[in-house]
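The entries follow in the order in which I looked things up.

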Amino acid sequence: MLAQRLARAWASRGRQVDDLMRFTHEGLVFGAGSVLAKAAGDARDVRVDPGESRLRTLLAAAHLSQPRAAALTHLAKAADRWREGDEGLAAMHLALSGLSRLARPAADAHRLFLADGLLKAGLDEADVLAALGSLTKYDPDQPRVPAGSGQPSGQWTSDGSADGSSAASNTPAVSPATPQVNPGSVTPADDRRYVPGFPFHGEDACAVAIDECRAHARSYRFEDQPPSDEDYIAPGLTTRIAQCHAWALVCEGTEALVKHPETHVSGGIVTFPDGGQVIVKRGQDPVYYPPYWRGRAPPIWRGGRPLPRPPG
Amino acid sequence: MTDDLDFPPWDPVGAETPAVNSQAFANCEIAVDALATRTAGRVIDRCYTESPKWGRILRARIATTHAGKPSGIDMITWTGPAAGPDVRFATRLDAPPW
């Protein structure tokens, strides 16, 4: 009966499979909408307990291997950053966990969905893991609770000490060697001003690029694009403005990736839809290059007002 | 980055050889996944190659939406020819040019 109910629920689910783990209004969601950690009221109030057996069981079902302690710690940090409103760092910790992507999305999401359904139906985590059986890869490096520790021995534990102390703990196992970004330590933007048509060096490079992108979207002529219903006043304008705004996420995400030491990203180049570029290098201020920098025609320029060329 | 505006071509060229996804691309994968998550997108294509000039190259396409319309981000991540964990990346809009 339960198997049939789950099969029907899977067949009638209203969501597509998403191969990436994400924070949504429901909480931390994975696969076909399976909630790994539920939001408590406020969508931002998501907490991940690395020692929670339900979470570990669901991840084992999704990936067919037991999640490592360091990976679970990254998920806990991702939830911490999400609660603080830092979506960039939250996304980075999800990626750094190595658990955030399904290798075989359809099959993995289905298995996760079934495991979630079994747990909701009242099965123990141990029973679900047993049902996964030989599918789950054995990891000889995974720490276990030793005999004589006062807890059931042989079970997986979430820290490297293998003394079992964290198996029932609600405290995330944060490695002291793992650097964390303190949002309060971010240097405020300086008062350098952008001169249109010239490169801009400074922490506001992304903001300058977005403003310029919007300005170009309004000023370029787009005679080759037919008008659509939603932007009959200026053909293509709303789409172009939306692209500029979408590129804000890309630019800010690039900055966050380069600044974060755990990503090993030392540089990023963001080409905006208007041809402007932002170059981000580790340890340096980002730089915005307008489309006409070095006398180059913007690679995707289609007419409109020419931008001033730099001297020389 | 030897040249501020220099990065691998958006499409593989003759000097590149196909490669298989391996641990050697792990930091490239992290960058791709982080940007996909950040932009509420989904990685729909990955292409792994190697080149003497750029090292290991992962080209990815991220499907997302702009103003409710399907759109995408082209992303190139590369390691550089020297051994080391650092990667760099470049992005552009995967859409008809303005």
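I looked up Cys47(B) and found it partly exposed, with a relative accessible area of 28%. The cut-offs are under 20% relative accessible area for buried, over 50% for exposed and partly exposed in between, with a 1.4 Å probe and protein chains only. Cys28(B), at 1% relative accessibility, counts as buried.

I noted the conventions next. This is a predicted model, in which local features need pLDDT of at least 70 and side-chain atom pairs count only at pLDDT 80 or more, while totals for chains, interfaces and linings use all residues. Residues are numbered from 1 along each chain as its sequence is written, chains are lettered from A and ligands numbered from 1 in the order in which they are written, and side-chain values use heavy atoms, with hydrogens and water left out.

I then searched for disulfides (pairs of cysteine sulfur atoms within 2.5 Å). Over all chains there are 2. Cys206(A) and Cys251(A) form one, with sulfur atoms 2.0 Å apart. The pair joins helix H7 (residues 205-219) of chain A to helix H8 (residues 237-259) of chain A, and its cysteines are 45 residues apart. I took helices as DSSP runs of H or I of at least four residues and strands as runs of E of at least two, numbered from the N terminus. Cys206(A) is buried at 3%, and Cys251(A) is buried at 0%.

In the disulfide of Cys213(A) and Cys244(A), the sulfur atoms are 2.1 Å apart. The torsion about this S-S bond is about -80 degrees, so the disulfide is left-handed. Cys213(A) is buried at 0%, as is Cys244(A) at 0%.

I turned to the strands, which pair if DSSP finds at least two bridges between them. An open sheet of 9 strands runs S4(A)-S7(A)-S6(A)-S5(A)-S5(B)-S4(B)-S3(B)-S2(B)-S1(B), with mixed pairing. Strand S4 (200-201) of chain A and strand S1 (17-18) of chain B stand at the edges with a single partner strand each, so one side of each has no neighbour in the sheet. In chain B, strands S2 (residues 42-51) and S3 (residues 55-66) pair in the antiparallel sense over 9 bridges. Ser51(B) has Gly55(B) as its bridge partner in S3(B).

Last, I checked pLDDT, the predictor's confidence in each residue, from 0 to 100. Chain A has a mean pLDDT of 72, and 66% of its residues reach 70 or more. Residues 152-156 of chain A are below 50. Where pLDDT is low, the predicted coordinates should not be read in detail.

Methods: Contact = heavy atoms within 4.5 Å.
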